[in-house]
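Good morning, and thank you for making time for this presentation. I would ask everyone to look at the sequence and the structure together as I speak.

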Amino acid sequence: MLATFSYVRLQRQNCVVREDVEKLKQRLSLLDYLRQQNWVARPAAHGPEFLGLCPLHPETRPSFYVNARKNFFYCHGCGQGGDLIRFVQLSRHLSFRESLAYLEQQSAPPTDSAAVLEQAATFYQQQLDRYAEALRYLQQRGLRDPALIKELRIGYAPGGSLRRHLTALGYSFNPLQRLGLLNQKGHDAFYRRVIFPCCQGGRIVNLYGRSITAAFAHRFLPGSKGGLYAWEQVQQCPEVILVEGVFDYAVLWQAGFRHITCSLGTHLNADQFRQLCDRPRTVYLSFDVDANGSGQQSSQQLAQRLCAQGIATRRVLLPDGHDPNSFFVQGGDAGQFQALLEAAQP
Ligand SMILES: [Zn+2]
C-alpha cells in the first residue's frame, strides 16, 4: 500500500519535472543558450542546422552541429549529443537537477516582486468567496461589510493552489520561493490563512496571513512588513489612532473611523516610527489590554519614545482583556469607542 502510494507520488514528481523541463526549453533554446556562451556558428549546408567548434572538446575544425528546430546538438568529434540540459550537464559538470536549477536562474526574467505579490494577492482575493471556512472566520472576527473586504483587499489562501496559478502565468519556481510564497518543498507557504496585502507607496511589499486555525496565528513573508498599514490614507491627519492588528483596524474602519493605522504587531520598525514622527500630530494608542500587560507595556514605551520626538500621545484604555477587535465583536459601538478616545489620557 505504502509502496504504491510513494510510487504514484514519484510519478507525479517526475511529471512536474518533465513539465518544468519543457517550459524551460521553450523559454531558452539551445542555440540561444550557446550564443549567450559566445559559441560562434555558421549555418550548415542544409536544414535548420548550425555548425561550429565543439565547446566540449578541443578541436580546430568544426564538428559540433546544432539542430535549431529539434533543439538538439551532436558532435562528430567527441560523440556527445543531446538537448540543452544534457549540454549544461556536460559543459558545467552538473547533475540533471543541478543543471535544471542553473538554467532556471539563467532564463528567469528579472522578477518584479511587487508584480508577483500583486498577482498572488489578486488570486487570494478571488478565493475568499469560495471557502465557507474563510467567510465564517471573518464573521467571527466581526468583519462583514463587503466594502471593507474590497477596500482592504482581504483574501484567503486555501493552500495548495497558488503555485499552479503563478506558474501558469509564467513565473518560475525560484523567484516564488525567494519571495517566500513557496516553501522549501515547493508547497504554498500560506495555508488556510486570511490574507491582507501590506502596501507602501502604492505597491504591495508583503502579505500578512492570519491562520484560521489555532496554529501559528500570525505570518508574514520574509523581509520587511513595510511601513504602517494604509499609511498614505492618514498621513495628513492631525490625529491618528494606532492599533496593533489588522483585525482591530478592520472593525474600526467598519464602525466609520478613518484616521486609523496599524503597526502589525506591538513592535514598530524604524520606518513606521519615522512615519509617526514626520509632522506634528496626536497619536491615540489603542493596543491590546491583555492579561500579561504586554500590550500596555509596549504602548507606554512607545508613548515615551514618541513624546521624545515631540509627538503628542493619548492612551486609549479599553476594558480589561480587550483589544479593539474584541471590543466591537462583543457589542461595542462607534459611540462607545469615541467616548474612550475622548477619555484617553496623555
Ligand atoms: Zn565534441
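Five strands form an open sheet in the order 1-2-3-4-5, with antiparallel pairing. Strand 1, residues 41–43, and strand 5 stand at the edges with a single partner strand each, so one side of each is left without a neighbour in the sheet. Please bear in mind throughout that this is a predicted model.

Strand 1 and strand 2 run antiparallel and are joined by 3 bridges. Within that pairing, Arg42 stands opposite Leu51 of strand 2.

I turn now to the metal site. Which protein residues are the donors of the zinc ion? They are Cys54 and Cys75 and Cys78, each through SG, together with His57 through ND1, and they lie 2.1 to 2.3 Å from the ion. Along the chain, these donors follow the spacing C-x2-H-x17-C-x2-C. Two of them deserve a remark on their position. Cys54 belongs to the loop between strand 2 (49–52) and strand 3 (64–67), and Cys78 to the loop between strand 4 (72–75) and strand 5 (81–82), so this pair ties together parts that are 24 residues apart in sequence.

Why is the arrangement around the zinc ion called tetrahedral? The 4 donor atoms subtend angles of 98 to 123° around the ion, which makes the arrangement tetrahedral. As for accessibility, Cys54 counts as buried, because its relative accessibility is 7% and the cut-off for buried is under 20%. Cys78, in contrast, is partly exposed, with a relative accessible area of 31%.

Is strand 10 largely enclosed or left open by the rest of the structure? Of its 5 residues, 4 are buried, so strand 10 is largely enclosed by the rest of the structure. Strand 10 has parallel pairing with strand 12, residues 282–286, over 5 bridges. In that pairing, Val243 has Ser286 of strand 12 as its bridge partner. Strand 10 also pairs in the parallel sense with strand 11, residues 260–262, over 3 bridges. Here Leu242 stands opposite Thr261 of strand 11. Together with helix 11, residues 246–254, strands 10 and 11 make a right-handed β-α-β unit.

In soluble globular proteins, nonpolar side chains tend to be buried together. The largest nonpolar core in this model has 40 residues, of which Leu143, Val194, Phe196, Ile241, Tyr249 and Phe337 touch the most other members. Several elements each supply at least two residues of this core, among them helix 6 (132–140), helix 7 (146–151), strand 7 (193–200), strand 10 and helix 15 (334–343). Which element gives the largest share of this core? That element is helix 11, with 7 residues. Apart from this core lies another, of 23 residues, including Val21, Leu34, Phe64 and Leu90.

Neighbours within four places in sequence aside, Tyr249 is in contact with Leu152, Tyr229, Ala230, Val243, Ile260, Thr261 and Cys262.

Val234 is buried, with a relative accessible area of 1%. Leaving aside neighbours within four places in sequence, Val234 is in contact with Val240, Arg258, His259, Ile260 and Thr261. What separation is found between the C-alpha atoms of Val234 and Glu49? They are separated by 63 Å, and the two residues are 185 residues apart along the chain.

Thr313 lies in strand 13, residues 312–315. Thr313 is buried, at a relative accessible area of 9%. With neighbours within four places in sequence set aside, its contacts are Val283, Leu285, Ala303, Leu306, Gln345 and Pro346.

Arg153 is not a glycine, yet has a positive phi of about 55°. Arg153 is placed in the loop between helix 7 and strand 6 (155–157), and counts as partly exposed at 22% relative accessibility. Arg192, also not a glycine, has a positive phi of about 50°. Arg192 is placed in the loop between helix 9 (173–179) and strand 7, and at 28% relative accessibility counts as partly exposed.

Thank you for your attention.

Key
Residues numbered from 1 in each chain as written. Predicted model: local features only at pLDDT ≥ 70, side-chain atom pairs only at ≥ 80, totals over all residues. Heavy atoms only, no water. Donors = N, O, S within 2.8 Å, 3.2 Å for Na, K, Ca; no water. Tetrahedral: all angles 85-135°; square planar, octahedral: opposite > 155°, others 65-115°. Buried < 20%, exposed > 50% of the residue type's maximum accessible area, 1.4 Å probe, protein only. Pairing = 2+ DSSP bridges. Right-handed = clockwise from strand over helix to strand, strands pointing away. Core = buried A, V, L, I, M, F, W, Y, C linked by side-chain atoms within 4.5 Å. Contact = heavy atoms within 4.5 Å.
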